[in-house]
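Please look over the model below before reading on, beginning with the overall fold and then turning to single residues. The paragraphs that follow take up these topics in that order.

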Amino acid sequence: MNNFLVKFNHLKKNRTFRFGVPFIVLVVGSSFGLREFTTLRYEFRRNESLSPAALKEIGIQRKPASESTLEKLYEKEKDVDLDNWTNIRGPRPWEDMSVIEKMKEENLAKKKKKVAES
């Protein structure tokens, strides 16, 4: 018994035993813990989908499938001018609205000047 205590005291002073073993136990133990939490996530997830009648009861109206085809969406978006657009910056909560209005006026004046030069 005395021999065991001497060896244990020697191991307690070893840096690998003091810091490495608890770290490895933490890494391995956390992987098992995460596995349990992820299985809970998928175990209690709602998997049923709502029927169109249930959606109407909730108040959600779906568009017909023929209305949202890729071709119709393309026809709607093809007339948009992507070459001439301006980035409009919104006001920050701490900014005064008069500063934003002044910036808008300056940008509008620059735009008119650019159009007049062209």
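Predicted model: local features only at pLDDT ≥ 70, side-chain atom pairs only at ≥ 80, totals over all residues.

Helices and strands here are DSSP runs, a helix (H or I) needing at least four residues and a strand (E) at least two, with numbering from the N terminus.

For the protein as a whole, the secondary structure amounts to five helices and zero strands, which along the sequence gives the pattern α-α-α-α-α. Confidence has a mean pLDDT of 84 over the protein, with 100% of the residues at 70 or more. Among the elements, the lowest mean pLDDT, 84, belongs to helix H1 (residues 2–13), whereas the highest, 88, belongs to helix H2 (residues 15–43).

How does the overall extent of the chain relate to that of a compact globule, and what radius of gyration does the protein have? The radius of gyration of the protein is 33 Å, while a compact globule of 118 residues would have one near 13 Å. Along the principal axes, the C-alpha atoms occupy a box of roughly 95 × 50 × 30 Å. Of the 118 residues, 2% are buried, and the protein exposes about 12,000 Å², of which carbon and sulfur atoms supply 60%. As for charge, there are 24 positive and 17 negative side chains, and the centres of these two sets are 14 Å apart.

Two loop residues can now be considered in turn. Lysine 63 sits in the loop that runs between helix H3 (52–58) and helix H4 (70–77). Is lysine 63 buried or exposed? Lysine 63 counts as exposed because its relative accessible area is 59%, where the cut-off for exposed is over 50%. Between the C-alpha atom of lysine 63 and that of methionine 97, which is 34 residues away along the chain, the separation is 40 Å.

Isoleucine 88, in turn, is placed in the loop between H4 and helix H5 (97–117). With a relative accessibility of 66%, isoleucine 88 is likewise counted as exposed, again by the cut-off of over 50%. The C-alpha atoms of isoleucine 88 and valine 27, which are 61 residues apart along the chain, are separated by 49 Å.

How values were computed
Residues numbered from 1 in each chain as written. Heavy atoms only, no water. Rg over C-alpha atoms; globule rule 2.2 N^0.38 Å. Buried < 20%, exposed > 50% of the residue type's maximum accessible area, 1.4 Å probe, protein only. Areas by Shrake-Rupley, 256 points an atom, 1.4 Å probe, with all protein chains shown as cover. Lys, Arg positive; Asp, Glu negative; His and termini not counted. Charge placed at Lys NZ, Arg CZ, Asp CG, Glu CD. pLDDT = per-residue confidence, 0-100.
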